[in-house]
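Please read this briefing with the structure open beside you, and look for each feature as it is named. The points are grouped by topic.

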Amino acid sequence: MPLSIAIVGAGPRGLWAVEELSRVAYLHRLQFDITVFDARQPGFGAAYDTGQSHDIVLNLFSSAIHTRMGSFDDYRREVLGEAEPLDVFPPRATAGKFLAASWEHVAEHLPAGCTLTFEARTVTDPAELTGFDHVLMVTGHEAPTHPEGMIDAYGNLSGITAGSTVGIRGAALTAIDVILTLTAGRGGRFTENGYVASGDEPAKIFPTSRSGRFIQLKPDPVTEDEARLFRRYHRAVRAVGTVAELKDVLLQAASALVSREVSWEALQVTADPVAELRDAIADPRRDPQAIGLAWRELYPVIVERVSFTDLARDPEFLELTRTLESFAFGSPAQQLSKVLALIDAGIVDFSRLGAGSDHSETAEPAAEIDTWVDAVLASPGVHPGTLAAQVLAEIAPEQAPTNRPKTLETEPNGMIAGQTRFAFAGRMTEPFVLGNDSLSRKLHPVIPLWAQTLAQLHAGEASQPANEAEEQLRGGAYGMPPLTGRLEPWMTDLTRAESQIDAAFTEYGSPLNVVNADPMERNCAELTAVGHRAGVDVRVFFARKANKALTFVDRALRGGHGVDVASYRELSQVLDAGLPGERVILSAAIKTDQLLRLAIENGVTVSVDTTAEYDRLLALATEQNTTVRVAPRLAPDPARFMPTRFGELTEVWAEHLAVAHPQVAVAGVHLHLHGYSAEDRIDALLEATGLVRELRAAGHRIEFIDIGGGVPMSYLDDAEQWANFKAALAAQNSGAIAPFTWKADPLKNFYPFHQSPVRGEWLEQILASAAGDAVRELGLRLHLEPGRSVLDGCGMILARVAFVKKRSDGVPLVGLEMNRTQLRTTSDDYLVDPLHLPLSGPAGEPYEGFLVGAYCIEDEVIMRRPIVFPRGVAVGDVLGFPNTAGYFMHILESASHQIPLAKNLVWSGGELVLDQIDR
C-alpha cells in the first residue's frame, strides 16, 4: 500500500523533496502518494513569480542552481534561447520559469506506483494533515506582520502615486526590489549616463535601517588562486570551539586574501553610506568585502561545524551571522549601480537611512512620508500562530513559540527527536541549521536525509523477504534498487554453517568459490525431458568454460551428459576425469595443432570454424592415419542475424564439403548464436536443416545439429523488481533522478537477470516450431551447450569484509577481501543482491555503501549498485554472492598483484571440501 506524503510548500525545497522521493521510490521499491499544498503555482514560492519585473534579480550565482531537470543555465540557453555570455544574476522571474518547468519534469518522471497531486490552497490547521503518514513542511519565509499603516513590499504598489514621498522600512535586497519596482518598473530606463525618469516615479524614496547601513556589495566569485587560499583554512574552521576562535580564523583568511592586516573595525558603519557603496564597487576587495568574502567562501565548512551544535545557540554567533550576511551575500553590483544612479537622479535618498521607520522627525532635512512600504522580511524561526507552531504544540510543545518567534531545533533529517511523522526544513530552523538557501542544494542534505529516513523506515516492507527466517538468512541487506536472488536449499544450509565457513577462510583465504552440483542434474534433466516429450533426442554438453570446478564434469559423466571444451587444459582434464571422447565437443575459437591432435586421438568431435581449419584437421587425421569427427560451424545469414566471427556461410560449407573424405566424418552442424532469443534459434535451425540436406546429398552422415549455448535462465523470481531496476536505470541515465550507480555508470551491457521463458519452456517453443518439425523429420539429435543455465543454483562466492570507510568526498565504502575479477563476466555488473552474514557481532547502525576490492585502482568496485545494510556492517562479516557458478567465478578471474586465485570448494554433506581442480 502506498505511503501518503504531504509536502507543505511548492517552492524549490518542495520540488527537491519530490525529486528525492522519486529516487528512493525506485531504489527501495517504495510507493508514494504525494500531495503538495501551496496557494501559489508550483515553483513560484514567495520570490519567483514569473509575472514580476525583470529588474528584480537573483543574488545567487545562476551557475549554482540545479534541479533533476538539469542546470538553470542550460535551461536558459537551450529552452529560453539566451545568448552568451549569460548574466550571472538573472531575473527571479526567469528562475520561476525554470522551477515551474522542473515541477512539470518531476511529475512526468514519477516511478510506477507513485502519484503527485497539487492542492492550490494554504494549510492553516494541523487537522488538514490528518491521515498522512509523513509530512514535510517547507514553507520558506513566513508572511511578515507589517506595522500599522505600512504596505507589503510584494503587494500592490500601484497605488503609490507619482511624485509622492515613499519611506521604506528596510535597506536590504527587498528594499532594492521595491525601489526598482517604483522606478524602472514604471517605465524608467538605466543608460550609460545614468537614470532616465519616466515621470511616473515617486519624487523621493527614503530607505531606512536600524543599522544605518544599506546592504553591501556581493563579492565577485573568487579566482582559483583565492579558492586555494581559503581551502587552507578549512581545517581551522572545523577545529574552532568558540565564536571568538571562528572570528580569528575569518580575520586571518581575510588578511591573507588582501595581503594586509584586516580588523573588525572595517565593518563599522561609515558616515557616508553612498560613498561606501561607490568604493565597494570600485574596489571589491576592500577590507569589509574581504571579511565578507572569507565568510562566504568558508561558509560551507562553517555550516558543517556549527549546525546542530551548541555554537549555533550562542547569541554572539547569531549576531555574527547578522553582521556578515550583508557583506557575504549582499546585492550584485548591477543592482547597487542602479540604486546609485537613482541617488544621482535625486529619486533615492539615503539621508534618513539610520533614522528607522518610526522616527520621522530625526532625519535632516525633514521630509513628510506619504506612503510607508515594509521591506523587512519575517525573522527566522517558528512564528506564533502559524501552522508550524500549531504542529509543534502537539508533537513537541517545549519547542512551540509563545509570544515571539523561536528557532526550531531538528535532527539533520529535519525531524524532531522522538518522532518521524513531521519534518521541517528552511528558515524556521535558523540559525540552529545554517545554510537554508532555497535554491542552493550544496550546503545541507536535509531533504535527501529526510527521504532516506523514510526509506529506512519503510523499505523493509517492499524490499525484504516476508518470511522471517529468510530475512534473517539474508541479513537484511539489499541493493539499490533491490534485486533479490533465488536461493537453493543448500545455500541456506551453507550460510548457517558459520564454523565451516570460518575454518575455510582460515585455511584458504577470501574469497571462496563454493559449488554444489545437485541443481545441475535437475537443470540438465529438465532439458532432456522436454526433448523426450517432443520426440527429439536432446543431449546436453555442459559448457566447461562457464566454471572450471571438476565436480561439474563428474556430475555430467555420472548423468550421461557431455561436455563442451574450449582449450587444451579443459579437454585434457575432462578426458582424465573419465569422460569418453564421443561425449565431448571441442568448440575452441583458436585451436593449436597440439589441441587438435589430442581431440583426434580421443575421438572428440571438433566444431570446425573455417574451411582452412577443416583442411588442417584433414591433414592431421591423414598424418595419424585415423578419422576425425567434425561439425562445421555455420554462420547464419548476416542479413537476418547479427554478424558473427564464428563459422562460415551455408554456401561456403556446401561447396567445400561437396565431396566426402574417408578420414573426416562430418557428424553434425554446429551453431554459435548471439543472445537468447528462441525465434533466432528457430530461424537458424531452419537454415541448418537446409545445410544438413545438402551435406547428406553429398554423402555425409549427419547425426545432429548443435545450437550451442544461450539457453536462458533467470536469477530473479520477481519480474517487478527487474522492471523497477531497468526503470530506475533509465531514470538515472536520462537525468530524472540523481545517479545511484558508481560514478553514474550507465550500465549499458548486462545479462537479462530476469527473463521469460527460460530453459525448458524456451526449448519447448523451439521444438514446437517448424524447425522442430524439420529436426524430427530428418531424425537428427539436438545438441545444446549450456553453461550458465545448467549451473543455475550451483554456486555462491563468499568474501570477508576487510574495512568500512568513506571515500575522500564522503562516499561510503565497504572493502572486501576479493577483487572485481572474481565476480565478473563480460556484463557490466552482477545484478543480484548479496547475502549478509553478520558474523562480527551484534547489529550496528544502518549503513549504505559501495563494495570495493583489493586492486589498487580507483574503480576497483565489486558491484556498481550501492548496498544497504539496515543492521550495519562490520569488519569480519561475510557477504555471499548467490548463483555465481555460471561464468562469474572464473571467466575473467585474474591474479594481478600476485593475489592468489580463489579456491574452489564443494559443499557436500554439510562440509566444505576442496574441488579436484585445486588439489
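In this predicted model, Val166 has Ile205 as its bridge partner in strand E11. That pair belongs to the parallel pairing of strand E8 (residues 165-169) with E11, which runs over five bridges.

**The four-strand sheet**

- The strands follow the order E7-E12-E8-E11 in an open sheet of four strands, and their pairing is parallel.
- Strand E7 (150-152) and strand E11 (204-208) stand at the edges with a single partner strand each, so one side of each has no neighbour in the sheet.
- On average, and with direction ignored, neighbouring strands of this sheet are turned by 30° against each other.
- Helix H4 (residues 173-181) packs on the sheet, where it touches E8, E11 and strand E12 (371-374), and the direction of H4 makes about 160° with that of E8.

**Helix H11 and its surroundings**

- Helix H11 (residues 333-344) has 12 residues and reaches 16 Å from its first C-alpha to its last, which is close to the 16 Å expected at 1.5 Å a residue.
- The buried residues of H11 include Gln335, Lys338, Leu340 and Ile343, and the buried residues of this helix pack against H4, strand E9 (189-191), strand E10 (194-196) and helix H8 (273-282).
- Just after H11 comes Gly346, which takes a positive phi of about 80°.

**Strands E15, E31 and E32**

- Strand E15 (residues 512-515) pairs with strand E31 (residues 903-908) in the parallel sense over four bridges, and in this pairing Val515 stands opposite Val906.
- E31 also pairs with strand E32 (residues 911-914), here in the antiparallel sense over four bridges, with Leu905 standing opposite Leu914.
- E31 and E32 form a hairpin with two residues between them, and Gly909 in the turn has a positive phi of about 60°.

**Nonpolar cores**

- In soluble globular proteins, nonpolar side chains tend to be buried together.
- The largest nonpolar core here has 122 residues, and those with the most contacts inside it are Phe552, Leu571, Leu816, Leu851 and Phe881.
- Helix H23 (residues 678-697) gives the most to this core, with eight residues.
- Leaving aside neighbours within four places in sequence, Leu816 is in contact with several residues, including Val801, Leu851, Ile862, Leu879 and Phe881.
- A second, separate core has 43 residues, among them Leu15, Val24, Phe98 and Ala423.

Methods
Residues are numbered from 1 along each chain as its sequence is written. This is a predicted model: local features need pLDDT of at least 70, side-chain atom pairs count only at pLDDT 80 or more; totals for chains, interfaces and linings use all residues. Side-chain values use heavy atoms; hydrogens and water are left out. Two strands pair if DSSP finds at least two bridges between them. Axes are lines fitted to C-alpha atoms, for helices over the stretch in contact, and angles run from 0 to 180 degrees between N-to-C directions. Contact means heavy atoms within 4.5 Å. A nonpolar core is a set of buried Ala, Val, Leu, Ile, Met, Phe, Trp, Tyr and Cys residues joined through side-chain atoms within 4.5 Å. Buried means under 20% relative accessible area, exposed over 50%, partly exposed in between (1.4 Å probe, protein chains only). The expected span of a helix is 1.5 Å times one less than its number of residues.
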